[in-house]
Amino acid sequence: MRRKIDRKKQIREVATKLFSKCGYDKVTIKEISTEVGITEPALYRHFKSKASIYEAALVSIESQVDFEDLFEELQNSEDLQYILTSLAEHIIKFFNANEDLYRLLLYSTLKGHSRANEVYKIVRGSYIEFLAKQFDRLFAIGKIIEKKNDIIARCFIGMVFDCSLGTTLWKNFQIKNYTPEEIIANNIPIYIRGLSVNE
């Protein structure tokens with residue numbers, strides 16, 4: 001028995017790859033339909049326009065960043081190193097496995113797409129908001145010193161996202177490439193020392 005193809009998903013995945021390589025403006029409906037192996041009229045049965053395909057691709061970024069279980073696991077931990085390491089590993093692993101999504105996220109931001117702000121808030125902002133709350137909680141129980149926790153969280157998550165870029169999209173532009181493990185082992189102790197309460 002032949003398995004039914006989820007054509008809408010297939011179109012979105014093919015379009016995501018094309019958009020991430022060429023940008024929204026350079027990709028045509030004809031290219032998408034050709035890559036999928038269907039006619040343009042058949043593609044229009046699933047999506048009304050190129051813009052609606054792009055929208056679906058951006059929405060797919062939001063749905064694929066699965067951090068709920070991780071946040072639930074970390075929300076009661078008092079181990080700052082475990083929290084920071086787990087978040088960093090999760091982000092780097094996701095974007096290493098989904099380089100096309102990272103490219104698409106960057107393109108949408110650079111081009112000022114109407115959903116870019118919302119995607120940013122969900123993808124990057126969720127990590128920042130979660131980490132700031134953990135810093136607040138750890139400060140309240142005397143585990144870390146007082147700082148502007150939203151700034152510290154933003155800087156930490158920004159550093160991790162930049163490291164993700166370094167291990168994926170920018171790997172061929174750097175003098176030396178580092179593994180995610182090397183980056184985490186080097187940088188997280190710096191944050192821990194800066195936030196630790198001196199006994």
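Thr28 lies in the loop between α1 and α2, the latter spanning residues 29-36. In this predicted model, Thr28 has a relative accessible area of 36% and is therefore classed as partly exposed.

Stepping back to the whole chain, the secondary structure comprises ten helices and zero strands, giving the pattern α-α-α-α-α-α-α-α-α-α along the sequence.

Thr28 lies in the loop between α1 and α2, the latter spanning residues 29-36. In this predicted model, Thr28 has a relative accessible area of 36% and is therefore classed as partly exposed.

Turning to the whole chain, the secondary structure comprises ten helices and zero strands, giving the pattern α-α-α-α-α-α-α-α-α-α along the sequence. Along the principal axes, the C-alpha atoms fill a box of roughly 70 × 40 × 35 Å. The chain has 199 residues, of which 45% count as buried. Among contacts with a separation of 6 or more, 72% join residues 24 or more positions apart.

The interior comes next. In soluble globular proteins, nonpolar side chains tend to be buried together. Here the largest nonpolar core has 61 residues, and Ile32 and Phe156 are those with the most contacts inside it. With residues up to four places away in sequence set aside, Ile32 touches Ile11, Val14, Ala15, Leu18, Phe19, Val27, Leu43 and Ile53.

Thr85 sits in helix α6, which covers residues 80-97. Thr85 counts as buried because its relative accessible area, 17%, falls under the 20% cut-off. A polar atom of the Thr85 side chain lies 2.8 Å from the backbone oxygen of Gln81. Leaving out residues up to four places away in sequence, Thr85 also touches Ile184 and Ile188.

Finally, the largest pocket holds about 180 Å³ of space. Its lining is made up of Arg12, Glu13, Thr16, Lys17, Ser60, Gln64, Ala97, Asn98, Glu99, Asp100 and Leu101. The elements that supply two or more of these residues are α1 (7-22), α4 (50-64) and α7 (99-110). Helix α1 gives the largest share of the lining, four residues. By type, the lining of the largest pocket divides into five charged, four polar and two nonpolar residues.

Note on methods:
Residues numbered from 1 in each chain as written. Predicted model: local features only at pLDDT ≥ 70, side-chain atom pairs only at ≥ 80, totals over all residues. Heavy atoms only, no water. Core = buried A, V, L, I, M, F, W, Y, C linked by side-chain atoms within 4.5 Å. Buried < 20%, exposed > 50% of the residue type's maximum accessible area, 1.4 Å probe, protein only. Contact = heavy atoms within 4.5 Å. Polar contact = N/O pair within 3.5 Å; in protein donor to acceptor, adjacent residues only side chain to side chain. 1 Å grid on protein atoms, 1.4 Å probe; cavity = no way out; pocket = protein on both sides within 12 Å on 5 of 7 lines; lining within 4 Å. Points joined across faces, edges and corners; volume = space filled by probe spheres on them. Nonpolar A, V, L, I, M, F, W, Y, C, P; charged D, E, K, R; others polar.
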